[in-house]
Amino acid sequence: MAHKKMCSIACCCCSVQDNMKLLKKIVLEPKFICAECGHAVSKKEYLCHPKKL
Ligand SMILES: [Zn+2]
């Protein structure tokens, strides 16, 4: 299965808890930001509209 989008993970509090470890890892060194919802992560695969930081 493809990467889950950070955007969809982080918009629901129950999936945030399920994915806390992954979230911590990918937000530690943000390199991309989502132009749509403003989330910042290390890999653009996790964003719906990634933009380089
Ligand atoms: Zn997004």
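This report describes a predicted model of one protein chain, from its overall layout to single residues.

## Overall layout

The protein chain contains 3 helices and 3 strands. Along the sequence these elements follow the pattern α-α-α-β-β-β. Of the chain's 53 residues, 19% count as buried. Taking contacts between residues at least 6 apart in sequence, 26% join residues at least 24 apart.

## Confidence

The mean pLDDT of the protein chain is 85, and 89% of its residues reach 70 or more. Among the elements, helix α2 (residues 13-18) has the lowest mean pLDDT, at 76, while β3 has the highest, at 95.

## The sheet

The 3 strands form an open sheet with the order β2-β1-β3 and antiparallel pairing. Strands β2 (40-41) and β3 (50-52) stand at the edges; each has a single partner strand, so one side of each is left without a neighbour in the sheet. In general, strands of a sheet pair through backbone hydrogen bonds, either parallel or antiparallel.

Strand β1, residues 32-34, pairs with β3 in the antiparallel sense over 3 bridges. Cys34 stands opposite Pro50, a residue of β3.

The loop between β1 and β2 holds Gly38. Gly38 has 9 other C-beta atoms within 10 Å and is exposed, because a residue with 12 or fewer counts as exposed. Gly38 and Pro50 are 12 residues apart along the chain, and their C-alpha atoms are separated by 9.3 Å.

## The nonpolar core

The largest nonpolar core consists of 8 residues: Met6, Ile9, Ile26, Phe32, Cys34, Val41, Tyr46 and Leu47. Helix α1 (6-10) and strand β1 each supply at least two residues of this core. Nonpolar side chains tend to be buried together in soluble globular proteins.

Ile26 is one of the core residues. Leaving aside its neighbours within four places in sequence, Ile26 is in contact with Met6, Val41, Ser42, Lys43 and Tyr46. Of these contacts, Met6, Val41 and Tyr46 are also listed in the core.

## Helix α3

Helix α3 spans residues 20-27 and includes Lys24. Leu22 and Leu23 lie in this helix as well.

Lys24 is exposed, with 9 other C-beta atoms within 10 Å. The C-alpha atoms of Lys24 and Val41 are separated by 9.5 Å, and the two residues are 17 apart along the chain.

Leu22 has 16 C-beta neighbours inside 10 Å and so counts as partly exposed.

Not counting residues up to four places away in sequence, Leu23 touches Ile9, Ala10 and Val16. Of these, Ile9 is a member of the largest nonpolar core. Leu23 and Tyr46 are 23 residues apart in sequence, and their C-alpha atoms are 9.9 Å apart in space.

Notes. Residues are numbered from 1 along each chain as its sequence is written. This is a predicted model: local features need pLDDT of at least 70, side-chain atom pairs count only at pLDDT 80 or more; totals for chains, interfaces and linings use all residues. Two strands pair if DSSP finds at least two bridges between them. Helices (H or I, at least four residues) and strands (E, at least two) are DSSP runs, numbered from the N terminus. A residue is buried if 20 or more other C-beta atoms lie within 10 Å of its own, exposed if 12 or fewer, and partly exposed in between; C-beta atoms are placed from the backbone. A nonpolar core is a set of buried Ala, Val, Leu, Ile, Met, Phe, Trp, Tyr and Cys residues joined through C-beta atoms within 7 Å. Two residues are in contact if their C-beta atoms, placed from the backbone, lie within 7 Å. pLDDT is the predictor's confidence in each residue, from 0 to 100.
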